[in-house]
Amino acid sequence: MQAWRVHRNGEPSEVMRLEETDRPTPDDGQVLIEVLAANVNFPDALLCRGQYQVRPPLPFTPGVEICGRTPDGRRVLATPALPNGGFAEYVVADEAALLPAPEDLDDAEAAALHIGYQTGWFGLHRRARLQAGETLLVHAAAGGVGSAAVQLGKAAGATVIGVVGGPEKARAARELGCDLVVDRRSENIVAAVKEATGGRGADVVYDPVGGDAYALSVKCIAFEGRVVVVGFASGVIPTPALNHALVKNYSIAGLHWGLYTTQDPAAVRACHDELTRLSAQGVIKPLISERVPQAGAAAAVQRVADGTSTGRIVVLPTGASR
């Protein structure tokens, strides 16, 4: 089969190579899956760079989530077992962790209704306890992770303020349903949030960026607000001033969604059921900006790494139907 492999760490466009290799062999409790669509995530870039919390042995295939078909014909969502990731024609995954692909979504959309939306749901509902009528501030609102949080925030009845970088991403954020869009390149985030909230600030901040995004967020956080730390796409891990959290009376909540898959798998399945329901109602739908062939995977991962993509880029292996 064909698979993208990384033999040394570095930038995705430099270290990912499309090669012929053997199909992976399932261990006990695993199943071989034909890949129909593989969603590109920022962790794929971190894997290539050797900066992810999991460091598979070299060589490895990146690709942390797919929509695929099992030998018995089921269309499923899966997180492939590294080092044999999803940018390949076949993967293996744990049978017990497979989730049914929503019938109303095509393969590319289904592949994207997994980690990003699960992260958003757990972040907003389990960690931040977002309530209807509250104000939610979402950084990188037009990106893959942020766009999911925007849709889930609107579904929860929140007023959503989206922060983006540039006019194209601002348009995408408005189309996603943001009540207010702030372009960080030309607008003052803190002033815009305070003006929009009558000086109160944001009740919940969803931050997959870190760095300056975090620093600005805590300057416009509401009384008893909650900052959900999802990731550090900026490459800068902030160092919170806990005295500031004390005097302003806000909470900082970390979110590592992968822990739920081992610590509370029943919650993951319940979340998937809720996401499937919201998808069937048309309340949420992954924003797919590009569908690229297998040959374009390395360039796609690089665009996500560089922060130039909007929504999700999905890789469709040769022969995939949708």
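Hi everyone, and thanks for coming. A word on the source: this is a predicted model, where local features need pLDDT of at least 70 and side-chain atom pairs count only at pLDDT 80 or more, while totals for chains, interfaces and linings use all residues. Residues are numbered from 1 along each chain as its sequence is written, and side-chain values use heavy atoms, with hydrogens and water left out.

Let's begin with the overall picture. The protein has 12 helices and 15 strands; these are DSSP runs numbered from the N terminus, helices being H or I of at least four residues and strands E of at least two. Its C-alpha trace spans about 60 × 40 × 35 Å along the principal axes.

How much of the protein counts as buried? Of the 322 residues, 55% do, where buried means under 20% relative accessible area, exposed over 50%, and partly exposed in between, with a 1.4 Å probe and protein chains only. The protein exposes about 13,700 Å², and carbon and sulfur atoms supply 49% of that; the areas come from the Shrake-Rupley method with a 1.4 Å probe, and for residues only the protein chains shown count as cover. Now take contacts (heavy atoms within 4.5 Å). Among those between residues at least 6 apart in sequence, 66% join residues at least 24 apart.

On to the rings. Rings of Phe, Tyr and Trp (its six-membered ring) pair if their centres lie within 6.5 Å; planes under 30 degrees apart count as stacked, over 60 as edge-to-face and the rest as tilted. The count comes to 2 aromatic pairs. W121 and F122 have ring centres 5.4 Å apart and planes at 80°, so this pair is edge-to-face. Ring pairs link W121, F122 and Y260 into a cluster, and F122 is buried at 0% relative accessible area.

Elsewhere, R23 lies over the face of Y90, 3.9 Å from the ring centre. The rule here asks for NZ of Lys or CZ of Arg within 6 Å of the ring centre and within 35 degrees of the ring normal.

Last, the cysteines. How many disulfides does the whole structure hold? The search finds 0, a disulfide being a pair of cysteine sulfur atoms within 2.5 Å. For C67, the nearest cysteine sulfur is that of C271, 17 Å away. C67 is buried at 0% relative accessible area, and C271 is buried at 1%.
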